[in-house]
Amino acid sequence: MNKDKPIILIVDDEPVNRLILARSFSSKDAEIHECSSGFEVMDFLEHKIPDIVLLDIMMPGMDGFEVCERIKNNPKTFDVPILLITALNDKQSKLKGLELGAHDVVTKPFDIFEVKLRVKQYLKMRELFLQVKDYNNRMKKEILAARKIQMNMLPQNNRQINNNYYFNYEYYPCDDLGGDFLDFIALSDSQYLFYIADVSGHGVASSLVTVFLKEFFNQHLKKILINPNPNDILQKLNKALITVNFADKYLTMFLGILNVDDNLLYWSSAGPNTFPILFSEEGIIELENSAPALGWWEDVSFENHVTEIPPNSSLICYSDVAIELKNQNDQQLEREGFIELLKKNKINEYLDFQAVMHDLLDYSNSLTFNDDLTLVGIKRG
């Protein structure tokens with residue numbers, strides 16, 4: 001436990017009963033406290049949290065049932081074991097105590113050796129529980145710190161690239177740590193590299209792959225500047241992933257290099273899950289491509305493609321949860337439904353991903369998504 005000695009709280013309105021129980025435990029092994037009423041217990045809990053409560057049921061004013069219920073409804077004490085000690089020998093009273101959260105019930109007159117044995121067992125359980133609780137709290141702090149690091153790795157949002165181009169995104173991990181990732185990197189005054197990646201699964205293991213992605217591009221940026229070919233970048237990334245071996249983790253990715261001078265997008269993709277959508281005044285184009293996901297096989301090749309970005313157009317990239325959402329009737333939104341939702345929100349004019357995200361949640365009739373959601377947009381004016 002988190003202290004030298006466990007705290008045992010004895011609650012009984014009869015002084016003799018408290019004395020018998022108190023003298024049964026050595027002050028060397030435990031810190032013993034006594035209360036004569038339920039009201040005293042409530043005052044005691046304001047200052048100390050016991051490791052076990054030996055609680056008499058039949059007390060005036062506030063009986064043991066009410067005390068038990070209050071302890072279990074208190075966020076600070078709900079996990080404290082309670083051993084009810086009662087003169088009531090009927091099954092209904094015992095069941096009531098257990099339903100209110102008591103761990104055990106002992107009937108008077110009790111065998112003090114039996115009580116001591118049960119207290120010892122529950123204190124050991126309490127010790128193990130507090131160890132697990134402490135470990136979980138430390139893990140939660142570390143995960144929150146990792147989440148902060150991951151969020152800090154994301155690029156600047158709502159970014160005006162130049163007079164003609166604008167970049168925006170929405171990143172919504174379903175866990176504390178996301179398996180989706182994106183980046184937007186200026187290669188020169190005229191060339192910008194961006195990508196959206198979706199790692200299989202989510203949580204800690206998948207987030208480690210996103211950290212690897214960030215580091216990969218940091219290390220290879222000089223080589224990319226010399227040879228900015230999307231298919232070559234994906235090929236090198238694929239080999240790096242297989243070399244590191246992330247234990248069955250793979251990822252899909254769309255990677256583009258935008259030249260804002262000639263308004264051309266040079267791109268390649270890995271994995272068949274989602275195809276970016278180009279909205280323009282002339283209509284809608286999906287940037288379809290068939291290629292294996294990164295991290296599956298070593299000897300694979302990826303293709304280069306070139307697409308013109310017309311005036312007054314928007315390129316929308318998205319992770320697969322955006323089209324895999326299901327409504328109450330178990331109908332999947334799919335690409336057609338997602339495209340209609342983007343049209344409804346006039347995505348070609350505003351790149352308002354907050355509105356899109358809310359509509360996706362409305363469609364699924366949920367407060368959150370069951371997978372990471374990432375929406376990325378580049379708009380040419």
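Student: How many bridges pair strand S11 with S14?
Tutor: Helices (H or I, at least four residues) and strands (E, at least two) are DSSP runs, numbered from the N terminus. Two strands pair if DSSP finds at least two bridges between them. S11 covers residues 264-270, and its pairing with S14 is antiparallel. The bridge count is four.

Student: What pLDDT do side-chain atom pairs need in this model?
Tutor: Residues are numbered from 1 along each chain as its sequence is written, and side-chain values use heavy atoms, with hydrogens and water left out. The model is predicted: local features need pLDDT of at least 70, totals for chains, interfaces and linings use all residues, and side-chain atom pairs count only at pLDDT 80 or more.

Student: Which strands stand at the edges of the five-stranded sheet?
Tutor: The sheet is open, with antiparallel pairing and the order S8-S9-S10-S11-S14. Each edge strand has a single partner, so one side of it lacks a neighbour in the sheet. The edges are S8 and S14 (305-308).

Student: By how much are neighbouring strands of this sheet turned against each other on average?
Tutor: Axes are lines fitted to C-alpha atoms, for helices over the stretch in contact, and angles run from 0 to 180 degrees between N-to-C directions. For this average, direction is ignored. The turn is 20°.

Student: How many residues lie between S8 and S9 in their hairpin?
Tutor: S8 and S9 run antiparallel, joined by seven bridges. Alanine 186 has tyrosine 192 of S9 as its bridge partner. The number of residues between the strands is four.

Student: How many residues of S8 are buried?
Tutor: Buried means under 20% relative accessible area, exposed over 50%, and partly exposed in between (1.4 Å probe, protein chains only). S8 spans residues 180-186 and is mostly covered. Of its seven residues, the buried ones number six.

Student: At what angle to S9 does helix H6 run?
Tutor: H6 lies across S8, S9 and S10 (251-259). Phe217 of H6 meets H7, and Phe217 is also in contact (heavy atoms within 4.5 Å) with residues including Leu193, Tyr195 and Met253. The angle between H6 and S9 is about 155°.

Student: Are H6 and H7 roughly parallel or oblique to each other?
Tutor: The axes of H6 (residues 204-226) and H7 (residues 230-244) come within 11 Å and cross at roughly 135°. Angles under 35 degrees count as roughly parallel, over 145 as roughly antiparallel, 65 to 115 as roughly perpendicular and the rest as oblique. That makes H6, relative to H7, oblique.

Student: How far is phenylalanine 212 from alanine 240, C-alpha to C-alpha?
Tutor: Phenylalanine 212 is buried, at 16% relative accessible area. Beyond residues up to four places away in sequence, phenylalanine 212 touches Leu237, Ala240, Leu241, Val244 and Phe246. Phenylalanine 212 and alanine 240 are 28 residues apart in sequence, and in space 9.5 Å.

Student: Which strands edge the six-stranded sheet?
Tutor: This open sheet pairs antiparallel in the order S6-S7-S16-S15-S12-S13. Each edge strand has a single partner strand, so one side of each is left without a neighbour in the sheet. The edges are S6 (159-160) and S13 (283-286).

Student: Which helix packs on that sheet?
Tutor: Within the sheet, S15 (residues 313-318) and S16 (residues 373-380) are joined by six bridges. The helix touches S12 (277-280), S13, S15 and S16, and its direction makes about 40° with that of S12. It covers residues 334-344 and is H9.

Student: Which residues does serine 364 contact, leaving aside neighbours within four places in sequence?
Tutor: Serine 364 is in helix H11 (residues 353-364). Serine 364 is buried, with a relative accessible area of 15%. Its contacts are Leu325 and Lys326.
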